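Please read the following points with the model open.

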Amino acid sequence: MNRIAVDIGGTFTDCMVIHDGRIIQSKALTTHYNLALGFNEAVTNACERLGIDPERLYGSVDSIRYATTLGTNAIIERSGPKMGLLVTHGFEGTVALSRGRGYGEGLDFEAVRDLSNADRPDPLIPLSLVRGVHERIDATGKVVWPIDEERLRRQVKELMDDGIQVLVVCLAHATSNPTHELRVQEILAEEYPSHLLGAIPVILSHQVSGRKGEYVRASSAIMDAYLHGVMYHAMADLEVNLGDKGYRRPMLLVHNTGGMAQLNSTDALQTVHSGPVAGIHASEHLSKRSGLGNLVATDMGGTSFDIGLIIEGGFKHYDFAPVIGRWMVTTPMVHLVTLGSGGGSIATWDRVYRTVKVGPKSAGSQPGPACYDRGGLAPTVTDADLLLGYLDPENYASGRIPLRRVRSLMAMEDIADDMDLDEIAVAKLIKSTADRDMATGVMRELRSKGYLPEDFTMLAYGGNGPLHACSIARHAGIDRVLVPPYSAVFSAAGGASMSPLHFHEHTRMVPLCNMRKIGTKPKQMVFWTDFEALNRIVAELEERGKAELARQGIAPERARHRLELDMRYGSQKMEAAIVMEKNRFEGIRDLLDLAGKLAANFESRFGKGTPAPESGVWIVNFRVATHVDDEPVAMGDVRPPEVKLPAPEPVGRRACHFVGRDGGIDTPCFDARALTPGVVIHGPAIIDAGDTTYLVEPGWRMEAAADGAVWFLRDDRH
Amino acid sequence: MNLHVCAEGETLCRPGTFAATALGPEERKLVDAFLTTNAGFVGPDPEILYDHKMGPRSEREARVLSGAVDLNLFQEIRARLTSVLDENFEISEQTVAAPAAKFADLSTAFMTSIGDVALLSNRGVAAFAIVMHYPVRHILKYWRDDPTVGIRPGDAFLMNDARFGGIHNPDQSMVMPHFVGDELVGWTVCAMHEGEVGARAPGGMGPSIESPYEEGFRGSPIKIAANWELKSDLVTLIQNSVREKEVMLVDLRARLATCMRLAREFDKAAADYGLDAVVGTLRHTLELVAEESRRRIEELPRGTVRGQFYVDSTSRETAMLKVNVAMSVEEGGRILVDMRGTSPELHNRSINAPIVTAKLGVMVGLMNFFWPDLPKSPAVLQHFDFVSDPKSLMNCSYDVPNAQNVSTGFKMITATEVLMSKLSFQVPNKTAAIKAPWYNQPAGMMYGGETQHGHEVGNICADLNGMAGGARWNRDGEHSMCANFAQMNDIGESEQTEEDLPVVMFSSKKFNRDLASFGKYRGGSGYQTMYARYGRANFGFQAITNGSKFPSTVGLFGGYGSPCYPITKIKGVNVFEELAEGVAGYDADVVELLNRRPLKGATYETVAGAMEFELAFEGELYVVHQGAGAAYGDVLERDPALVIKDLKEGLISDWTARNLYFVAFDAQTLVVDPEKTADLRRDERLARIRRGKTWDAFVADHVRPSPPVGLLYFGRWNDDAEVYGGMYKDMPGEFPREIMLPDPKLIYEAILNRKVVSGVSTEDAIEYDPLTEELQQPWTFASFAKFLRVEGLMVGMLAKMAGSGLTSLFAPRGKRMDRWLDRIGGHLTDYLVACGPTFVKLGQVLSTRPDLLGTAVAGRLRKLQDKVPPMKDAQARAILEKSLGRRVEEVFAEFGATPIASASVAQVHRGRLKDGREVAIKIKRPGLEANVTGDLRALSTLVGVLRSVVPGFSGMNPREMITELGLAVRGQMNFLGEIANNRRFARNFAGKSWLRLPEIHDEFSSNEVITMEFIHGVNPLEYVRKRGKHDADLAEKVYSMYFEMVFTNKFFHADLHSGNMLVEGEGKIVLLDTGLAHEFPSYYIKRQLRAYLCVAAVDGYLQGDNYLGDRPHMADEKTKAAISHDLHLMYQRWDKHRAKGHTKDLTTLWLQIMMLLRKHRVPLDRELVMLMVGDITISGLVHEFDPEFDVVEYTRHELPRLIFRDGKLPLNDPYLLAASRRDLLHDIRRAIGIDVDDDEYV
């Protein structure tokens, strides 16, 4: 098995090469003007370490996999095309209104609560480029108002005259009956044939999402259209580059569903957040390989803290209405929470509570923390880390960024004055506040899904993760932390171990059972009986899945289908994804089985009394996951080795300060490269791992495991 | 027992109470003991409900907080518990069933042991933070020690009656006591908008509710769960009381589960941090918030800001309800909120708000718009005190319904926004942006009925959450985003709504033009939703919005308030059938729908924002709108680029961009012309200065001593301590009896009855009459002087009249009376001219009423011309320049110094514009308006005298007379009216090549100056004379002009004499002096047409019927019979006369009719008299052009066209049928095209 997996991020292009059983990680700077250059450099670096020629590598690799945050960047930079939108007449304001709540999506509570300063993000399609089509389809798919084509042609012309580069179409209930959306596409093709220069891409909402909800479907289609060009050009460049290198096999794109596919089966929306999702996939893979049980994966960088859950047994949490940037969309995406906490988070004095508040403002990388000495004046978490002695001013980020302690001290002064404390005490407060906030986020994730923290192992990666892991875990009530192997290129590692996967969805409201009045009789529970109708939906979704794989040259026999049903009780909004054991409905037993599963799901997550079968049990959405199980990457067993080895000689000592301990504590420093599996180091200790620093807090011990994995385990719990 | 405690702020003790001071402590104890053991009913306790402040520390709290506290630890606990609340908020949102709660009308909270909300979920309804301690205090006070109830671990209490706290009936809240061991350490809360509670109106609130006993399930706090389980008997009781039974069950369970999850998390936190720390944190949070709020108040400038806010409907009828608010920042960091002067409560309308709701309005305003960073808790209002009138809209009693109290309560949010914005404007460290108010009405459809899935429902659509944001000091407000009482609540997806409910939303989220407020920064725009009921289910709608006539949301610092859109109903049609057949021109925009009415056969109706529940038929459309957030700052300061952006986005109209924002731009390209825009804006600023008034003038003009007559007004007027209560006025809280408003349906029925009986529409019965107010103003010296002068002159006139009476005796017999009357007319004319312009106008008005004064006097008055010496040239120029804002030389190339005509109101100069066009410039005399009031007052006295002197006046309503006069005078004095009339005539006659009106140069005209085209024409009489002989053509033109005005346009030049016409070239008529014009309601036009029919039928009886038949109150049967008889004789005589060719018009007939009615003292409608007099005048004029012109023939010829082609009368009109019986009207028979069988009608 030979593979290349790449994660193209905003700064670095991470690469993992698997060649003849060896796993090599390498990095290069991302080259935004032509992604291929950075990619080539990363591969070349890896080849150097492997000691082979890149040509030979390309010749032997069976697949190349990409994860990327390009889409996310395009949204932040607003570098997409000018777009027009056609909606059903009467729905013109839908996108602009963003369900009302759109002003707060993607923001923290502090921003959400301040209505006086609440602003929606600038729209991707301004109101002036939205047109209402005279047409209407009802909820069941029946046409109640035939489309007015003449008017439509005029509207399209107006938009084209305005210079739109992409046309998005989202008509009401197009998921129940797409004929009107398809007709728009036909008309556009008639007016602007594709062989002429005036032709533009048309994105139809029902093809981007199979779900009901005109706003979320429209915003999905818009987001997809917006990223389409950027992704298309970037990916095409890469593909051409690979062709030039003599590579003839598939280039696979990691999807935010946790699966992957070739370019011809990928829409742009599916690539957003695929980097972090690949990280979660790597965690899942790790958990399976090493039997780690439930994991909560955390990625703490400079500005954000990502949290994802990996549940034992492969059950995945998906978001079906995730927020991308500041827009809610509807696409099945692996559930991932991002908090605005990182090394750059700024601390302020909170007058109301007379204590320190950290975030949500961030100094980012420009100007960065005060200690970077690049103009930042506000105290940040990294400043606190520096003052507490955890960071080596000479050796930060492998020595690339020199840190100035005096800047951090100055930045702390104001808060220190307000609180009448010394700077070290303030730094401790900043660190514990930041850790506490992140821990709160972790706990919240677990609790709101009905899980208990003590059943979880925390995975910590990202630049600042291992530095704060012990403290976050302690606040969250978790005793085991794993810094995973290949943590520097963890997302790439996730890409390497993925398999092709496609979701196909269809919204259809089906009451499995429902109280209703029949004639003059009193209300009674009526059960669904038309099983064939349900099976037809499933079969059709499976066919689409197979066709998708066939397009990528994967034989239909290899395809596996998993039927998931989004279910809810008649009167509630909460939906649960229920996996059906089999793929066809045969009788009422199947319905009762589903109802039972739904009830069990609710009870375990939200408590006794939350299931409400009295108001009917409904299937609201059918989803078929079509996948092929590829051979995964053979990571080693990262469980703590049985054999314990004593700590090596420290390479130095520093006076460090710890929350809850007075005064400076003389703390040994180690070099991560000297760690061999089985080495145990008791806290307090600092381990320099080049790009990151491991902090073993008092009361914790570190145990090194295979492939560079490191455990932090709590000593003082019992 | 509580019934006997006088609440704070209550001045009135209830009957049977003892004033506390009258009792010694011993006696008091005895009395209390007696009352306690003999209470029949545990009602709402004012002692609890008037106390919004946090309670004392518990023992444990006091112990924990008296020592050293670790603020950082507390903060950690707080963060954890808040996070718990937030996640449980989300779980609850997803597991409850009530629609509003599913869209975030919900809150979760932790309370201290005495029930103060210490922490509330971040999302959701802030208001729950300040209303939940009332029920808990009630439970603690009354149920804790009651052996039949008690408080034990695993109990949960449910409440929804706003009389016991909470927000309003549809909100159902659950509280659960939390024990650690035996100690009650706190409470957990899940409060939400349940909606359906079995009220008379589906969804728990609605206009139809008239009594507290129609508000559905009235939950005082009851123990709904024990031992962590719901009690099935009580659950069944509640389910049995409501429409949505399953929803109720699901929600009860979901809330219980939420309270339990919160309790579990409390325990976990206590296990991690210690109970003391957790309890301490909760209490400490309250105290910190209280302290911080005091600090923030201290930053505000000392002083008082005031505001008044209006609710324009009681939900059942249009009314002006006032919410009067003043906020005073006082020493020591306190704010006093004074709501006195607010409307009194309404005994049978549900928009009354208990004091609790009024306070929460202030709290919500503060939390959402000023101090969003503070945790939500009652401590926010710790340093606020409230004063209000008892039994008022903001402090209602327990005897009145209050389900819709939020409609009123939201006004307090707006009040807080406006007043606090003003107070905090200069505070340097703001915790939020200064902004104009949020839209504040629950503008969404409520619905009820059965769904396509067989579910019974009764609730509210999430659209109400889409309230638009107010403009900020530096940027526009956001379009509909969330309710002003909550954060991030959701307006939902229409596709989902249609999955769940039997509706198709033909407009789901659509902005209407100009449904944004206007200002330097505009408020967010509201949106329109349009529902069509779909499928076979029984389903209907209801709405509870106010502010569809009067803006509910006011602008800030010069910005406009929210525009008002009513609810529109399009009924009697199935839109689905129409669309399937391809209806042309259908558009989901309500303005288009109402203007173009593409659905044929439908009724188009608008109703005020509140609408009683009604079932809809399939395909009927209901359109409702969200209002706009208010605007900030002056429209003239808005960046033209932003105006164009709004225009492009369809948020404003072209008209608004040009005429309100004064932006000049190219209509095609929308490119702004910056210079011209600057010019326009400068001009408008100058015009504003010209329109401006001094403070005293403004007060004199605008401040009225009392509300307009006929307006249903509630609340204080000016600074009077007394309060209006619709029909009464009294001291607050002391109305002679409860204010009961009649059921609007009864009124409607009465109107229908009256319509059937009289044919008179009384829809406009409540009419604003500014004059009455004016006349009620106190005398000033000037007006008194005027009065004296007028009276003095009158004495002189009366003396002269008497003298003439004597001299007339010398005239030959039979002519004496005529001569005397002629003399009287002369004296009257002189007198009126001497008294000034108002009186001249009076003369002109009187001249149109020979029915009152007799023909002789009226005829004399008709010749009334007021020759007044012209103004000095300089004065005329000064007026011109001031009014136009430019120098005469800038406008005119030439300006004639001597006027070519001069009258009391204005004089006319000749001039020439810069571009060479010749113009006539009409300039108003100065200082006329100031005299009018004095004149009118003098007149009203005079009319009183006239009534007793002149016969015919006795049947006359002098107020109507004066009102008419006032309007006529004012109308003539404001040239804008004349200009508008000129336009209207020009438009009406645009198709006639032989008639035109002088072109008016708008840019050089104003309310004081009219610059119009100079017409080179001659007086028509002169024209005819010069051409020698008669001019039949001109005669027919003029008469047809009259006919067209009256019967086709219904808009009539009320001053048509030869002096107001010119003939240009070869017989082209030019109409001048359009100052006096009258618009006739169809009713009178029909009546006049029928009068013609009666003439044609020579049927005097019928004519009697025409005038009196539907107005039995005007004449008794005997008089009516006499009149009819006389009329009939008169008609016969006239007909004979005509047959002989002696008369060619109807003049004698009309005059005789008027004289006859005057003889019988039967007043005629002035409109009818005006129509007759109009015909007389015009007939006279026409006969001067051509004595041979046969008016009657013309009428006969034209009538069928009017009746049939223009459809003025329905074919089954009894008069038409009667007329068609006569051979006289062959034309009519032919025109009907049917052969009427005479026998059938004989």
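How many residue pairs are in polar contact across the interface of chain B and chain A?

1. The rule finds 45 such residue pairs across the interface of chain B and chain A, both residues at pLDDT 80 or more. A polar contact is a pair of N or O atoms within 3.5 Å; within protein, one must be able to donate a hydrogen and the other to accept it, and residues adjacent in sequence count only if both atoms are side-chain atoms. This is a predicted model, where local features need pLDDT of at least 70, side-chain atom pairs count only at pLDDT 80 or more, and totals for chains, interfaces and linings use all residues. Residues are numbered from 1 along each chain as its sequence is written, chains are lettered from A in the order in which they are written, and side-chain values use heavy atoms, without hydrogens and water.

2. Chain B gives 99 residues to the contact and chain A gives 84 (heavy atoms within 4.5 Å). Between them the chains bury about 8,200 Å², 52% of it on carbon and sulfur atoms (accessible area, 1.4 Å probe, lost on being put together, summed over both). B:Met488, B:Glu493 and B:Glu495 supply 10% of the area that chain B buries against chain A, more than any other three residues.

3. There are 17 salt bridges between chain B and chain A (a side-chain nitrogen of Lys or Arg within 4 Å of a carboxyl oxygen of Asp or Glu). One of them joins A:Arg120 to B:Glu478, at 3.2 Å from N to O.

4. Over all chains, 0 disulfides are found (cysteine sulfur atoms within 2.5 Å). A:Cys371 has its closest cysteine sulfur in A:Cys656, 15 Å away, too far for a bond.

Conventions:
Buried area is the accessible area (1.4 Å probe) that two parts lose on being put together, summed over both.
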